[in-house]
Amino acid sequence: MKRIMPLVLATAVALGAQGAAAADKVTTLPVQFAKGTHSFSTSHTLLGYDSVNYTLDAKASQSMRISLTGSSNIGFNIYAPGDVPGVAIALGSGNVGQAWNGMLATSGTYTVQVYQVRAAARRGAQAAYAMTFAIH
């Protein structure tokens, strides 16, 4: 019995780690404005707990606006340069019909995390959205 327990424990740990690694898909996409433009639009579809992290470079004193259309199950958080989604406190947030506007305090790469609300994610729902990023 003593020989079987370590094997059972090792198998359970391995299966648990495999399941956790396959659970949530985080996609990181850079936002690049075309030369001479100040805005960028994109669309995507999320499934369950999957999320998309958009990264964009901006300078201190610039104004950023982020707007979202699509499923009412989608929300977003904005993180300052160096801050990590899930670890740091968001600089701001929004959802469908509620754009975010703000004056940027520091220069660097900002992260905009897009996700489904927990109830929809838990059901494994699929939700489409479109976003527009503008910096002036």
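These legends accompany close-up views of a predicted model.

**View 1. Overall make-up of the protein chain.**
The protein chain holds two helices and nine strands. Read from the N terminus, the elements follow the order α-β-β-β-β-β-β-β-β-α-β. The chain has 136 residues, and 31% of them count as buried. Its accessible surface comes to about 8300 Å². Carbon and sulfur atoms supply 57% of that surface. Among contacts with a separation of 6 or more, 79% join residues 24 or more positions apart.

**View 2**
Strand E3 covers residues 51-58 and is mostly covered. Six of its eight residues are buried. Strand E1, residues 26-30, pairs with E3 in the parallel sense. Five bridges join E1 and E3. One place to look is Thr27, whose bridge partner in E3 is Val52. Strand E8, residues 108-116, pairs with E3 in the antiparallel sense. Seven bridges join E3 and E8. Here Tyr54 has Val112 of E8 as its bridge partner. Strands of a sheet pair through backbone hydrogen bonds, in either sense.

**View 2. The open four-stranded sheet.**
Four strands form an open sheet, in the order E2-E9-E4-E7. The pairing in this sheet is antiparallel. Its edge strands are E2 (39-47) and E7 (100-103), each of which pairs on one side only. Neighbouring strands of the sheet are turned by 15° against each other on average, direction ignored.

**View 3. The E4-E9 pairing.**
Strand E4 spans residues 63-70, and strand E9 spans residues 126-135. The two pair in the antiparallel sense over seven bridges. Gly70 stands opposite Tyr129 in E9. In a regular strand the side chains alternate between the two faces of the sheet.

**View 4. The aromatic pair, Tyr54 and Phe133.**
The structure holds one aromatic pair. The ring centres of Tyr54 and Phe133 lie 5.3 Å apart. Their planes meet at 55°, so the pair is tilted. It links distant parts of the chain: Tyr54 sits in strand E3 and Phe133 in strand E9, 79 residues apart.

Gln116 lies in strand E8. Is this residue buried or exposed? Gln116 is buried, because its relative accessible area is 6% and the cut-off is under 20%. Beyond residues up to four places away in sequence, Gln116 touches Leu46, Leu47, Gly48, Asn73, Ile74, Ala121, Ala125, Gln126 and Ala127.

**View 5. Polar contacts of the Gln116 side chain.**
Which backbone oxygen does the side chain of Gln116 reach at 2.7 Å? That oxygen belongs to Ala125. The backbone oxygen of Gly48 lies 3.2 Å from a polar atom of the Gln116 side chain. Gly48 and Ala125 are also among the residues that Gln116 touches. For a further distance, take Gln116 and Asn95: they are 21 residues apart in sequence. In space they are 9.9 Å apart, C-alpha to C-alpha.

Methods. Residues are numbered from 1 along each chain as its sequence is written. This is a predicted model: local features need pLDDT of at least 70, side-chain atom pairs count only at pLDDT 80 or more; totals for chains, interfaces and linings use all residues. Side-chain values use heavy atoms; hydrogens and water are left out. Buried means under 20% relative accessible area, exposed over 50%, partly exposed in between (1.4 Å probe, protein chains only). Two strands pair if DSSP finds at least two bridges between them. Axes are lines fitted to C-alpha atoms, for helices over the stretch in contact, and angles run from 0 to 180 degrees between N-to-C directions. Rings of Phe, Tyr and Trp (its six-membered ring) pair if their centres lie within 6.5 Å; planes under 30 degrees apart count as stacked, over 60 as edge-to-face and the rest as tilted. Contact means heavy atoms within 4.5 Å. A polar contact is a pair of N or O atoms within 3.5 Å; within protein, one must be able to donate a hydrogen and the other to accept it, and residues adjacent in sequence count only if both atoms are side-chain atoms. Accessible areas come from the Shrake-Rupley method with a 1.4 Å probe; for residues, only the protein chains shown count as cover.
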